[in-house]
Amino acid sequence: MILPISNYNLTFRSNKEEKNNDPYEHDTLLKNNFATRTRIGLEQFTKAFTVYPARGLKGSKNSNFYEFLTMGTVPYVIGSITLMSIFNSAAKHFAAFDKTKSLKLGNKMALGVIFYALMKSISKSFVNVPVKMATGIDTELPYAKVNYLLPESEDDKDLTSTEYHKVGESVDFTRWDLLYKTGKGEILNERYDKIAKKNGLGSNLNDSDQDVKPIYKEVLVKSKLAKSISSYLWAATGVALAFQKPWENYFRVATLKFWKGKEFTHSLKVFGQSFVDSAKELYRGTPGSFSVFERHSGKLMIGAALASTVIGVLNTVHLTKKPAKATADNVFDKSKESVVG
């Protein structure tokens, strides 16, 4: 077994220095669940509009590429809000008939922006969940990375910042060390043992980590490709769904005033029914249409998204990097002489 090299961060602290309030003292593996993903998303979203721009604008030497990428949320949100309001904001200047048409299109565009973002995000689970079930490998497993910041003034002591990454974010630099269990009483290779057993490599392996790593890398590469293709097709399907006529029933009663119980509840019911009716219309095509494209474009869109997901998953779980099982029969060639010392 090749043991992992743990990350040790050596810091020297004087008695006058205050303890850092960061929740993590070192790089920490996190659970991949809804609560964790929501917390990470909210923290990244907040810092993208506050901490990271401020740090970059003042020319901080601690501003880095991770913060730059995280701030990509800012133009995305601003652009989305602009697209959502472009027709609705100008509707007040139109005549009554034109105003009605403008609001219908504006509301559908707003819903399309929301569905695009939701479907693009949710569709990654369409690949990750079945792949994890089949191989035991979670390609979206998150971890918190602790960065020790450079002091920018004499009062700065032992400052840290937290970044959120995925264990398999980089195929070439996968964080293997975080997959080992190093706690007291824990089995070091427990995670690797489970993956090895799940993929038919057997149990009680001496070096399950070394046997699993080629498989893990193959799954990462294939799943990244599958998610890249399918997520955009599902996002496009979400936009197409938002432009179906049944949504107009929802827009007539839509309200976000949750304190008005009956109205808000009725709005949610109409939303659900409009969603179902719009999905049916997308699949069946525009009623009474003589165009072959209009009748079957929805089916093609849904079919392409579904096919890309299924093919992507099947390709990902079809492993070619499995190491051959080492047994007495395939290690020793019985046809040749051997010497026992």
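Is F275 buried, partly exposed or exposed? Keep that one in mind, everyone, and remember as we go that this is a predicted model.

Here comes the answer: F275 has a relative accessibility of 36%, so it counts as partly exposed. Its ring partner is W247, and the two make an edge-to-face pair, with 6.3 Å from centre to centre and 75° between the planes. W247 is buried, at 0% relative accessibility. Now look at where they sit: W247 is in helix α8, residues 247–253, while F275 is in helix α9, residues 261–284, so the pair ties together parts 28 residues apart in sequence. Both also belong to a cluster linked by ring pairs, along with F115, Y250, F251 and F271.

Across the whole structure, a search turns up 14 aromatic pairs. One of them is F45 with F49, a tilted pair at 5.0 Å between centres and 50° between planes. These two share helix α1, residues 34–49, and are four residues apart, about one turn of the helix. F45 is partly exposed at 39% relative accessible area, and F49 is partly exposed at 36%.

Let's finish with two helices. Helix α7, residues 208–242, packs against helix α10, residues 292–317, at an angle of about 170°, and their axes are 9 Å apart. Angles over 145 degrees count as roughly antiparallel, which is why α7 is described that way relative to α10. Residues making the contact include V219, I229 and W234 of α7, and M301, L306 and N315 of α10. By type, the contact residues divide into 11 nonpolar, eight polar and one charged.

Notes
Residues numbered from 1 in each chain as written. Predicted model: local features only at pLDDT ≥ 70, side-chain atom pairs only at ≥ 80, totals over all residues. Heavy atoms only, no water. Axes fitted to C-alpha atoms, helices over the stretch in contact; angles between N-to-C directions. Parallel < 35°, antiparallel > 145°, perpendicular 65-115°, else oblique. Contact = heavy atoms within 4.5 Å. Nonpolar A, V, L, I, M, F, W, Y, C, P; charged D, E, K, R; others polar. Phe/Tyr/Trp six-rings, centres within 6.5 Å; stacked < 30°, edge-to-face > 60°. Buried < 20%, exposed > 50% of the residue type's maximum accessible area, 1.4 Å probe, protein only.
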